[in-house]
Amino acid sequence: VMKTTSVTIPIQVQETSETTHVHLRQNELGDWVSLDDCVLIIKVQDDSFQDVIIVEKDKKLEHIENLDLISLFLEKYKEQEQKNWDKNISGVEQEDEQEATLPKPDFDPEQIRFDPRNFSLSDIVRFIKQNRIDLSPDFQRFSVWTSKQKSRLMESLLLKIPLPMFYLAENHTGLYQVVDGAQRLATIRDFMDSNLILKDLEYLSDCEGKTFSSLQPKYQRRLEDTQLACNIIAPTTPISVKTEIFKRLNLGGKPLNRQEIRNSWTIPHVRNFIHNLVEAHYFKEATGNSVKPLRMDDQELVMRFIAFHLVRFDKKFQYKGDMENFLDEILDYLNRHGTAEKFATLECDFQRAMQNALHLFGKYSFRKVMPHNILKNDKPPINKSLFTAWSVILSQYETALVTQNVEKDSFINIFVQEIANDAEYLDALSIGTNHVVKLEKSFQIAQKLVDMYLKPSQENA
């Protein structure tokens, strides 16, 4: 939980339609004290809640048990602070999905197939150099092992201590993608290439300060002949099953989000294509350089554009309301059927969409702008629903047509008025945004506003 000086938390009173607000501030002792007739003092220690003290009861809440109220407050507070943290880190508005729970995709245990194989360390390094093993370097979430960790791993191999099982997924082209063990494999590759010097060893003092090429021959042979145990996920395994396997194998540290997992299944040329789009100057300009790559929110936005471009123009897919599994399906399609021609079309349309959005909305592109944002010159985070709809719609229109027919930044006020006059539209951009009906509403409004001023280019009509 992030430290702050004051906070206002809405609490829904159980079994009633009432909502009360808890107004708190942090005093000089670090306690959370109510600013009005509320009921709580929260003591914070080491950024975590330690004690909750009931001071007095608000009359409206007399029928609420103390523990229930405490539970409600802590749940709402932690939820809000986590959303604020995620928003500040990513630059993208966190979705509030409150629609009915979608049924889980079919999961047949019979579809799970692991093939146990042993590879020599020499074979593994050769596979990596031949690009038969994809280490997904951008999937390592900007964290790297220390030189001590790397050296201790190699010392374990030199001591003939077996390493934990490696998990690889074989795709339809025969490429192995690392599900679990990428850091270990990268360390092994670096040492075998003599790009790592052994330091801080615990037992093998005669190997201290050595690279692979400077090791004694007995140690070199020992490493080259070491067998690594691998479990290979068969290429016939459905992507939904692969995703579940990946989640269960990666339980350490902060849980991976779906796009980070999705990225692990992306084959190199598709990953490079998506990476090029998020690094393109027109994407960064249209989003105000505010979408951070730390949790791959930028790549998810690009995936959404690709997905609904395929839905709207290629008619290859139908969206049924489950965004995460839908994007998984799109990725699987790109891995299997993505061609240079298709990628060139998508890139051209994506560039056109970003340039058009920047011209029409300026710094407010893809943001849920309210009148108070304009008055305060405040810039909300990127809204995923707005990005999805407007990027796909605007990809139809030649930039020259847009700039000639519409004044720069002229859509900002039009958009603000649309939100102010259409409560259903605001709701579609705020709660349950991935619901089919609400996402379609976002597309309808974007198309309606554009149709008032523009006509599609002949290329995409």
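Which side chains meet in a salt bridge at 3.4 Å, N to O? The side chains of Glu300 and Lys384 form this pair, a salt bridge being a side-chain nitrogen of Lys or Arg within 4 Å of a carboxyl oxygen of Asp or Glu. The pair links distant parts of the chain, with Glu300 in helix H10 (residues 297-314) and Lys384 in helix H14, 84 residues apart. The model is a predicted one, in which local features need pLDDT of at least 70 and side-chain atom pairs count only at pLDDT 80 or more, whereas totals for chains, interfaces and linings use all residues. Residues are numbered from 1 along each chain as its sequence is written, and side-chain values use heavy atoms, with hydrogens and water left out.

Helix H14 spans residues 384-394 and contains Lys384; helices (H or I, at least four residues) and strands (E, at least two) are DSSP runs numbered from the N terminus. Both Glu300 and Lys384 are buried, a class defined by under 20% relative accessible area, with exposed being over 50% and partly exposed in between (1.4 Å probe, protein chains only). For Lys384 the relative accessibility is 8%. The two side chains also make a polar contact at 3.4 Å, that is, a pair of N or O atoms within 3.5 Å; within protein, one must be able to donate a hydrogen and the other to accept it, and residues adjacent in sequence count only if both atoms are side-chain atoms.

Across the whole structure, the search finds 22 salt bridges. Side chains of opposite charge can pair when their charged atoms come close. One of these bridges joins Arg262 and Asp328 (2.9 Å, N to O). This pair likewise links distant parts of the chain, Arg262 lying in helix H7 (residues 258-264) and Asp328 in helix H11 (residues 323-337), 66 residues apart. Arg262 is buried, with a relative accessible area of 2%, and Asp328 is buried, also with 2%. Another bridge connects the side chains of Asp190 and Arg189 at 3.2 Å, N to O; Arg189 is partly exposed, at 26% relative accessibility.

Gln177 is buried, with a relative accessible area of 2%. Its side chain reaches the backbone oxygen of Trp265 at 2.9 Å, and a polar atom of the Gln177 side chain lies 3.3 Å from the backbone oxygen of Thr266.

On a 1 Å grid over the protein atoms alone, a cavity is a set of points where a 1.4 Å probe fits but cannot get out, and lining residues have an atom within 4 Å of a point. Grid points are joined across faces, edges and corners, and a volume is the space filled by probe spheres set on the points. The count comes to two cavities of 30 Å³ or more. The second largest cavity has a volume of about 40 Å³ and is lined by Phe361, Phe366, Arg367, Leu386, Trp390 and Phe415.

At the surface, Leu159, Ile161 and Tyr203 form a nonpolar patch with about 310 Å² of accessible area together. Patches are made of residues with over 30% relative accessible area and no salt bridge, nonpolar side chains (Val, Leu, Ile, Met, Phe, Trp, Tyr) being joined within 5 Å; accessible areas come from the Shrake-Rupley method with a 1.4 Å probe. Leu159 is found in the loop between helix H3 (147-158) and strand E8 (166-170) and is partly exposed, with a relative accessible area of 33%.

How values were computed. Patches are made of residues with over 30% relative accessible area and no salt bridge: like charges are joined within 9 Å, nonpolar side chains (Val, Leu, Ile, Met, Phe, Trp, Tyr) within 5 Å. On a 1 Å grid over the protein atoms alone, a cavity is a set of points where a 1.4 Å probe fits but cannot get out, and a pocket is an open set with protein on both sides within 12 Å along at least five of seven lines; lining residues have an atom within 4 Å of a point.
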